[in-house]
Amino acid sequence: MASTEFDAGRPTAARAYDYLLGGTTNTAADREMIDQALTFMPDLAVQARANRDFLHRAVRFLAGAGVRQFLDIGSGIPTRGNVHEIAQRAAADARVVYVDIDPAAVGHARELLAGDPRTTVIQADARDARGIVAHSDVRALLDFAQPVGVLLVALLHVIADADDPYALVGALREVMAPGSFLVIAHGTGDGRGEDARRLVEMSRRTPTALTLRDRAGVLRFFDGFELVDPGLVWAPLWRPDGEVPPDPERAGNYVGVGRLP
Ligand SMILES: C[S@@+](CC[C@H](N)C(=O)[O-])C[C@H]1O[C@@H](n2cnc3c(N)ncnc32)[C@H](O)[C@@H]1O
């Protein structure tokens with residue numbers, strides 16, 4: 001996919017997600033698509049928030065487990081509580097590499113991170129996972145001989161089956177040292193019937209259309225990893241640090257953290 005497909009006249013996943021999170025890095029095309037989607041799936045903003053909250057808890061968990069380096073692929077447009085902020089609050093020496101395919105996400109991250117020697121951002125395609133882990137900027141900051149936290153949060157559901165997302169995760173697993181962690185949040189159509197189909201249809205307006213997967217399809221990404229408690233669950237149920245909503249399935253995403261033995 002050429003980055004020239006990203007233009008202001010066409011919505012993108014990164015800008016649409018930014019709009020859902022209350023950000024300002026989005027265009028009329030993004031807002032129109034999301035406003036339409038909200039008419040039949042009003043929980044979309046709840047879902048985006050639940051994913052971010054899970055990401056924060058997972059990063060704190062990894063830092064608590066001793067992880068000091070993070071590879072955040074499909075990192076999105078910077079927002080409140082970015083991974084390096086959460087990680088460095090828990091461990092000041094934590095290093096973070098952000099990767100995104102979208103030039104808007106990468107450009108904003110570069111501005112935000114300028115002058116911070118413990119963070120880097122590269123524009124790259126997750127479907128070339130081997131290229132990412134071999135990238136000189138990535139290698140300059142991350143040591144794959146040590147445990148790393150690989151974050152694929154709300155990313156794999158924008159990778160089509162035809163692009164073999166399982167092989168992508170397998171290529172990452174190959175370079176991860178024992179004791180590394182894989183963090184996944186993945187949208188699902190489970191329990192959402194026709195509305196999920198409409199959402200997928202609408203996402204075709206972006207260069208990175210949605211592929212929602214069922215629970216078994218998401219679980220498969222953790223092949224070779226040991227899921228930490230509580231396993232693969234709706235986002236609000238993963239090690240909550242506050243009150244759990246009565247209807248966690250509204251979050252629409254399965255999440256989990258796997259440890260490489
Ligand atoms: C829904 S956002 C998630 C952002 C962030 N991970 C979070 O959970 O808050 C998905 C991100 O994946 C990026 N993305 C989509 N396809 C990608 C690909 N093939 N390679 C890298 N990034 C991709 C999009 O540009 C977007 O920023």
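Reader: Hi! Let's start with the ligand: how many residues surround it, and which are the closest?

Author: Happy to. The ligand is surrounded by 19 residues, and the closest are Arg52, Gly74, Asp100, Ala126 and Val153. Keep in mind that this is a predicted model.

Reader: And how does that shell split by class?

Author: There are 10 nonpolar, four polar and five charged residues around the ligand.

Reader: Which side chain has an N or O atom 2.6 Å from a ligand oxygen?

Author: That's Asp100. Tyr17 also has a polar side-chain atom 3.3 Å from an oxygen atom of the ligand. On the nitrogen side, a polar backbone atom of Val153 sits 2.8 Å from a nitrogen atom of the ligand.

Reader: Nice. How much of the ligand's accessible area does the protein cover?

Author: The protein covers 97% of it, out of the 600 Å² the ligand has on its own.

Reader: Switching to the cores: how many residues are in the largest nonpolar one?

Author: The largest nonpolar core has 51 residues. Leu71, Ile73, Leu152, Leu172 and Leu182 have the most contacts inside it. Helix 8, residues 165-175, supplies the largest share, five residues.

Reader: What does Ile73 touch, leaving out residues up to four places away in sequence?

Author: Ile73 touches Val99, Ala126, Ile132, Leu151, Leu152, Val153, Leu155 and Leu172. Two of those names, Ala126 and Val153, came up among the residues closest to the ligand.

Reader: Which core includes Val153, then?

Author: Val153 belongs to a second, separate core of 30 residues, which also includes Ala109, Leu113 and Phe181.

Reader: OK, helix 1 next. Which of its residues are buried?

Author: In helix 1, residues 13-20, the buried ones are Ala14, Arg15, Ala16, Asp18 and Leu20. They pack against helix 2 (28-40), helix 3 (44-64) and helix 5 (103-113).

Reader: And what happens just after helix 1?

Author: Gly22 is there, with a positive phi of about 85°.

Reader: One more glycine: where does Gly224 lie?

Author: Gly224 is in the loop that runs between helix 10 (215-219) and strand 6 (226-227).

Reader: What is Gly224 in contact with, if I leave aside neighbours within four places in sequence?

Author: Gly224 contacts Arg173, Leu260 and Pro261. As for Leu260, its C-alpha is 6.9 Å from that of Gly224, although the two are 36 residues apart in sequence.

Technical notes. Residues numbered from 1 in each chain as written. Predicted model: local features only at pLDDT ≥ 70, side-chain atom pairs only at ≥ 80, totals over all residues. Heavy atoms only, no water. Near = heavy atom within 4 Å. Polar contact = N/O pair within 3.5 Å; in protein donor to acceptor, adjacent residues only side chain to side chain. Areas by Shrake-Rupley, 256 points an atom, 1.4 Å probe, with all protein chains shown as cover. Nonpolar A, V, L, I, M, F, W, Y, C, P; charged D, E, K, R; others polar. Helix = DSSP H or I, 4+ residues; strand = E, 2+ residues; numbered from the N terminus. Contact = heavy atoms within 4.5 Å. Core = buried A, V, L, I, M, F, W, Y, C linked by side-chain atoms within 4.5 Å. Buried < 20%, exposed > 50% of the residue type's maximum accessible area, 1.4 Å probe, protein only.
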